[in-house]
Amino acid sequence: MARWCYRHRLLVVLLWLAALIGAGAAATSAGSDYANTFSLPDTDSKRAYDLLEKAFPQTSGDTDTVVWKVEDGKVTDGAVRSRMEPALKKIAGMDGVGEVVGPYSGERGAAQISEDGRIAYAQVTFNKQADALPKELVQDVVDTAQDAERQGLQVELGGQAIQRVEEPPTGLAEMVGLGAAAVILFLAFGSLLAMLLPLCVAVFGVGIGDFGIQLLSHGTNMPDLAPLLASLIGLGVGIDYALFIVTRHRRGILRGLDPEEAAVTALNTSGRAVLFAGGTVCIALAGMLVTNLRFLDGVVIGTTLTVVLSVLAAITLLPALLGLFGTRVLSRRQRRKLAAEGAETTSEKTSGLAARWSAQVQKRPRRTAALALVVMAVLALPVLSLRLGTVDQGNDDTTTTTRQAYDMLAEGFGPGFNGPLQVVVEGGDSAALVKGIEATEGVAQASALPPAHGVSLIQVVPTTSPQSKETSELIDRLREDAIPEAGVTAHVGGVTAVSKDFATVTGDRLPLFVGTIIALGFLLLLLAFRSLVVPLTAAVMNLVAAAASFGVLVAIFQWGWGLDLLGLGKEGPINAFLPVIMLSLLFGLSMDYQVFLVSRMHEEWVHTRDNARAVRVGLAETSRVINSAALIMVAVFVAFVLSGNSGAAMAGVGLAAAVALDAFILRTALVPAAMHLLGRSNWWLPAWLDKRLPHLAVEPAEESERPAPADGASEDRAGAGAAGTGGSAVHGFVRDADGGPVEHASVTLLSKGGGRRLDSVASLADGSYIVSAPAPGTYLLTVTAAPYGARAQRVEVGEEPLVYDVELRSGEVDVVG
């Protein structure tokens, strides 16, 4: 498939362009129909809503507020009333508005004027919930109310419906994230064209995904958070997946392959790992379905669609673009050096820093693991005070009308006016309940509407804000004490009560969800690496990363540490839906890094059966690209603080922290240290289980990346690189006379008489090397490095890998035979 896409590159690019333009045109003409369905079966708030819908169809919808404030005088002055009363009357006559209760309607209205007389509010009750209201209607309400403003009279509006029309311009977070990713990619590649490749893949995947989500919103309940989260995860994985493939492609060109073969090899190695990694992300996302929360169904559909499109773009569009760019994916310096010196001297080397760190982890695994665990444990401590709930409009930007209305209500009437509760009484006398509610701690005001169809509605205003812990405790007191004491059947509803019930249900179902995605991830890694310990280690690390990242979230958003720097309002609870969404994304992304890291270790283990070397080489050769990929993801995720959506901002900060901790601490330190301590048991799998498990090759051998060997040795080389065909290996370290590592030494394995070259490699920064032997026997091993001399030695290779260290001295030539 990669070869076909490469050779038909223009057709493939045109097909992707047609798909993007077609999806965009269809989505633009159809519009969007997002719906935030928080309704939960078998909850008290759902029963309250059902009763309201039957008895008070005109008041069962969303209730929003119009708030006005005068600088001088009082809101009861004739000049103020002459402007506000006609506006409220016009709003009440709009189709879709159930009723408007203003402050100028007798004794009941007087309660809607602040004690100092400078602030008043009117309640606008729609006949539908906020997500079902046409934005045109809500915008008409906003415009009509604010048209009444004049000098000295400020009019603002608050509520769920109003918030929907106050959404900030879309695309800002995505553009900032792409810009930051572009800078990192350019620094990593040194080539403008190579930088553009991952960005193109991400733009096509996310662009078509967003348009698809917009179209799907007409056929299923799709929350307005879905496209934001899909963009967030799609940009991250799209850029990262393309980064892994482009890095492998560039390495192939530098090793002497022509661009087409380098692209085919890159897709058949890293592309295969991308398919596996993308599948793990989709499976982790699908784990959200076990929670049976309808709100998350649309999130699963939207994010999974975007991830699938990003993977498809990486394995079809990317090879086509590689064909268009050719060798220009290399920097000019690399192209000049390749032309002047040839492939063998321009091969990309493992960076000295990565190799030195890998050797350091091997030398001190206990100290490294202990330090990493202490850091993660300290960061995880705040999670012990995690409180799920909902944020309110006090977290909106200070320039929005919802935030200004929130502040005005809190100033005039107390913060509880921003989240009234609805107590719905089914039959019986509500008078006793009203008295009981008024006497309940935490209640500022309670008023009953006239009953209809045997159902009474009591509006309860708490003394505290909707997101406060005290309001949640008030709901419990009403349900457990006030209502039973009144001897009536009643239910507590309203937006705040729905959010509390949603948080409770989410918390109850979280263990099942976590268990499901851990089990699925365990099975996938078990199939990929034929080991019980590797997937078990990954599961534990995922839990550690989750705890630490949620600890960071609690410290920032719940405790308020550094919240002012982010410009996200005041501290509050963690959004109830966030643990499920964030854990699924975190487990999927963590699996990506685990696959790329351990697949290289597993390849080395298969060749050498030396665990220490496998872990050292795997870490040294993958840590740089994993850290670069993680840095890009962190930049993309942090950019979503600019989205204007508190849920997306919270998810962005949480995922950025999770990815940073996972890549820079877990995969770079704790995982390799633990694997060094576990030794050969890392790769243990009972024989009976090995026979019964299907084989899943995440990444095939990389023999095709090397230039064809000279002297007709291709058949011997093929045999040497295949595990399980009788081949073996020679590995060890190249040192100088003082015991220091010799980097970039040329190590070659020849046939016994020296007539054929069987394998040739360059030593890494720590001096390590490994060459493959086609079968047990006697061979000639030669080692050369400037300014040192050359050494050659006959070696006897048996069924097991041979460990052979070489010492080079300046000016020495030691030739055998």
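Author: In this predicted model, a contact means that heavy atoms of two residues lie within 4.5 Å.

Reader: Which residues does Glu260 touch, not counting residues up to four places away in sequence?

Author: Glu260 lies in helix H11, which covers residues 259-286. With a relative accessible area of 16%, Glu260 is buried, because buried means under 20%. Leaving aside residues up to four places away in sequence, the residues that Glu260 touches are Arg3, Tyr6 and Arg7.

Reader: How many salt bridges does the structure hold?

Author: Side chains of opposite charge can pair when their charged atoms come close. One of the salt bridges here joins the side chains of Arg118 and Asp116, at 4.0 Å from N to O. The number that the structure holds is 13.

Reader: How far apart in sequence are the parts that the pair of Asp501 and Arg479 ties together?

Author: Asp501 forms a salt bridge with Arg479, and their closest N and O atoms are 2.9 Å apart. Asp501 belongs to helix H19 (residues 495-529) while Arg479 belongs to helix H18 (residues 469-486), so the pair ties together parts whose separation in sequence is 22 residues.

Reader: Which helix supplies the largest share of the nonpolar patch?

Author: On the surface, Val183, Phe186, Leu187, Leu192 and Leu196 form a nonpolar patch, and together they have about 480 Å² of accessible area. Helix H8 (172-189) and helix H9 (192-216) each give at least two residues to the patch, and Val183 has its place in H8. The largest share, three residues, comes from helix H8.

Reader: What percentage of the chain is helix over residues 211-324?

Author: In an unreviewed entry, UniProt places the feature "domain: SSD" at residues 211-324. Over these residues the end C-alpha atoms are 27 Å apart, and strand makes up 0%. The helix share over residues 211-324 is 83%.

Notes:
Residues numbered from 1 in each chain as written. Predicted model: local features only at pLDDT ≥ 70, side-chain atom pairs only at ≥ 80, totals over all residues. Heavy atoms only, no water. UniProt positions renumbered as here; feature names shortened; annotations may be inferred. Helix = DSSP H or I, 4+ residues; strand = E, 2+ residues; numbered from the N terminus. Patch = residues over 30% accessible without salt bridge, like charges linked within 9 Å, V, L, I, M, F, W, Y side chains within 5 Å. Areas by Shrake-Rupley, 256 points an atom, 1.4 Å probe, with all protein chains shown as cover. Buried < 20%, exposed > 50% of the residue type's maximum accessible area, 1.4 Å probe, protein only.
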